[in-house]
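Visitor: Please show me the model, and then I will ask about the terms used for it.

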Amino acid sequence: MFVSFPRKIYWTDRGNPAKIESANLDGSSRKVLVENNIIWPNGIAIDYPNSRIYWVDTKKQTIETVDMQGSDRHVVRQFNSMLFMCAS
């Protein structure tokens with residue numbers, strides 16, 4: 001299966017407020033994809049075949065995902081504090 005995507009960059013911002021954003025490689029069309037209920041996002045990964053973005057929120061101790069437009073958000077995994085600290 002071949003999936004074509006526009007040339008984009010995706011990143012996490014742990015500022016205040018924390019968020020996940022995207023933009024074209026030339027910096028145009030900057031868009032906030034996630035800005036609610038996010039504390040310390042990092043570990044971003046792109047699943048191109050399924051058009052999804054995954055990230056770790058270390059303060060919430062979650063792995064979460066959204067589609068590439070910032071919709072259909074859900075928690076993939078919620079860790080308890082001891083397990084999450086050992087895996088880090």
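Guide: Arg-73 forms a salt bridge with Glu-64, with 2.9 Å between the closest N and O atoms. This is a predicted model, where local features need pLDDT of at least 70, side-chain atom pairs count only at pLDDT 80 or more, and totals for chains, interfaces and linings use all residues. Residues are numbered from 1 along each chain as its sequence is written, and side-chain values use heavy atoms, with hydrogens and water left out.

Visitor: Why is the contact between Arg-73 and Glu-64 called a salt bridge?

Guide: The term requires a side-chain nitrogen of Lys or Arg within 4 Å of a carboxyl oxygen of Asp or Glu. The N and O atoms of Arg-73 and Glu-64 are 2.9 Å apart, so the pair qualifies. Salt bridges that share partners join Lys-60, Glu-64 and Arg-73 into one network.

Visitor: What makes Arg-73 partly exposed?

Guide: Buried means under 20% relative accessible area, exposed over 50%, and partly exposed in between (1.4 Å probe, protein chains only). Arg-73 has 29%, therefore it is partly exposed.

Visitor: How do you know whether Glu-64 is buried or exposed?

Guide: Glu-64 has 2% relative accessibility, so it counts as buried. Lys-60 is buried too, and its side chain meets that of Glu-64 in a salt bridge at 2.7 Å, N to O.

Visitor: Why is Arg-30 called exposed?

Guide: Its relative accessibility is 55%, so Arg-30 counts as exposed. The side chain of Arg-30 meets that of Glu-21 in a salt bridge at 2.6 Å, N to O. Glu-21 counts as buried because its relative accessibility is 2%.

Visitor: How many salt bridges does the structure hold?

Guide: The structure holds five.
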